[in-house]
Amino acid sequence: MSSASIEKGIRMIREEIDAPVASFFTSCVHCGMCADACHFYVQTGDPRYTPINKVEPMRRIWEQEYTLWGRIKATLGLSRKVNAQDFEAWEELVYDGCSLCGRCSLVCPVGNDISDMIRKIREGFAVAGHAPKDLVGATRRAVEIGSPMGVRLPALEAQIRHLKHDTGLDAPLDQAGADYMVLLSSMEIMNFPEYLEAIARIMQQAGRTWTISSRAFEATNSGVQIGVSDIATELVQRVVDAAEELGVRTVISPECGHAYTAIRFEGPNLIGRPYNFRVQHILEVLEEFRQQGLLKTEGKETERMTFHDPCQLVRKGGVIQAPRNLLGMVSNGFVEMRDHAEMNWCCGGGGGVSANERADELKSKAFHQKKSQLDELGVEILVTACANCRITLEEGLEQNDMDIPVVGLTEMLAEHLVEEPGNGGDT
Amino acid sequence: MTADAILFFARGTGFDWALAIFVFGMLLRLFEVLSLGSKPDLSEGRGSGVQGGLKTIVTRTLPRPAIFAREPVRIINGYVFHIGFLAVLFLYEPHIELFEAKMGLSWPGLPTGIINALGVLTIFSLLLALTLRLSSPVLKFLSTGSDYLAWLVTLLPVLTGYLAYNHMLLPYTAMLAVHILSVELFMVVAPFTKLTHMFSFMLARWYQGYRAGHRGVES
């Protein structure tokens, strides 16, 4: 990379450093606890994957630019400036070796939000041209096509036709004034269309109106994952424009982790203003329906099953109790993993890792953390609420010859809806 | 220079300078953090950021069981060191008299026998901390010269205090002078090493806790 791009990267990292980041670096005592929280370190034993080490270039820039002592040291030649080799060496740690799961942030005794710092340092790496090519490609497709996987509107329309054909239910496009605007991840459109059917059936039973915007149906935000705020902003803006144009009251983020925190919490900060609609994760919507008596189910699964908490939902989104309440409606065999809820271990594929083919081997290693949790429990079904977790888990289970089906919670609930005449359910 | 003269310097000019560097240095470090500012969060909150921040300042003092199970020795040793160090610093009668003379504040102390025992415990916990740092691949990898310097300047006041109190190694006056000088070294070094965490941890916990509280997540 040219030195101009590296300079840009350094400048971007400098801009990302705010008071919270400075307080984190000022407080770090090098206790190493964050390593024990990180599946990439725990499963590889390689100290380079210690979370705080992943932001070492940012720490050096902070020290040299924002502390008197650091400036003196730099002037005296006692510290080395961040250079192209550092970007080269840290790229793998910043992208392949971190799923932005946030477990390290929760265990740091001085309170450092390390995963947020890694999210920030990616801004500099992306600008410097040091982001994995697969993520660059996904981000380009998200901007140009509207989906990181290149899914276009006709593909969605085809799924809607299938839905109508199979169940008689509709997924209305561009219906102004609907109660809910539903977002989908490309993964759900292509790999898990059951989700769309589940939504259609649940909404019908609840008697709520809903719509999908033909202009902004993609929920995921590659800009957030790769760390390019301009692109993240544009992707959020598309959803905001669509929601405001259709005049919906609530936007539903699908079974996806980062899509939720991106639109729910990062979004308003990216576009620089609050929304005039609500954003809820699908599980929050379902939990509301449950509380309002709008979600009526019958029968319970008896198999032993557990719930894999998507990191972004529990550690950054606060959706913890809802899935447990919902599972209680349809399962008699629910058991918790040893580390669950806010301390759950990542599947290994978050934060753009699953989209980055280069990281496959490392991701498979990291999956062993999840494997050991599952081995302990001996479950027959694994339930989750994130399409990206789901595909990563399915891959990991397959690689390890573990015969455990992975199911999305929304679709599991839909399978247990009380059949009412004309609700379009399978008969 | 006689031991008396060194002690005189250590108690007078030396102490004043060290204290000035400590106070000014720490204020500078905190200013360096706060002056960078942070943007207000425009997203709709699910809970209170202020409550989350205040709560996390307190609750982060305890380890999460999942992480304690992985590193019990390191974590318990951390408590032993911090409690021991703070006890010998703040609950030893002659230290309290010094604080009273300098700040006009006084509080009850612990019997000297207990302080003496805590001093030994603190020294051992620091030695264990160093052993762990040198033997753990992660800690060894993370450690810089500054970490070892911080360790040394923390050990010296406890060690020399213990030696002075027990009249070991050097005549009392000389050891007391060395003890006070070592405290001054600690005060001078602290603002420029990770020892800044003694104050800044509250900011770090506040910032993470504030965001977590706003989002309605655990922290």
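Predicted model: local features only at pLDDT ≥ 70, side-chain atom pairs only at ≥ 80, totals over all residues.
Colleague: Over how many bridges do β5(A) and β6 of chain A pair?

Modeller: β5(A) and β6 (residues 381–384) of chain A pair over 4 bridges, in the parallel sense. For a place to look, take A:Met305, which stands opposite A:Ile381 in β6(A).

Colleague: Now the whole chain. How many helices and strands are there in chain A?

Modeller: Chain A has 22 helices and 7 strands. Its C-alpha trace spans about 80 × 50 × 35 Å along the principal axes.

Colleague: What does the radius of gyration of chain A say when set against a compact globule?

Modeller: Compare the value with what the residue count predicts. For 427 residues, a compact globule would have a radius of gyration near 22 Å; chain A has 22 Å, so the two agree. Burial is a separate reading: 57% of the 427 residues in chain A are buried.

Colleague: What share of the contacts in chain A comes from residues 24 or more positions apart?

Modeller: Among contacts with a separation of 6 or more, such residues account for 82%.

Colleague: Where are the domains of chain A?

Modeller: Domain 1 covers 3–131, domain 2 covers 136–291 and domain 3 covers 305–415.

Colleague: How many residues of domain 2 and domain 3 of chain A are in contact?

Modeller: Count each side separately. 30 residues of domain 2 of chain A contact 29 residues of domain 3 of chain A. On the domain 2 side, α13(A) gives the largest share, 7 residues. That side divides into 14 nonpolar, 7 polar and 9 charged residues. The C-alpha centres of these two domains of chain A lie 22 Å apart.

Colleague: And between chains, which elements of chain B touch chain A?

Modeller: Again, begin with the counts: 47 residues of chain B are in contact with 46 residues of chain A. The elements of chain B giving two or more residues are α1 (3–34), α3 (65–68), α7 (137–142) and α10 (197–215). α10(B) gives the most, with 11 residues. The chain B side divides into 18 nonpolar, 13 polar and 16 charged residues.

Methods: Residues numbered from 1 in each chain as written. Chains lettered and ligands numbered in written order. Domains from an automatic or database assignment. Contact = placed C-beta atoms within 7 Å. Nonpolar A, V, L, I, M, F, W, Y, C, P; charged D, E, K, R; others polar. Rg over C-alpha atoms; globule rule 2.2 N^0.38 Å. Buried ≥ 20, exposed ≤ 12 C-beta atoms within 10 Å, placed from the backbone. Pairing = 2+ DSSP bridges.
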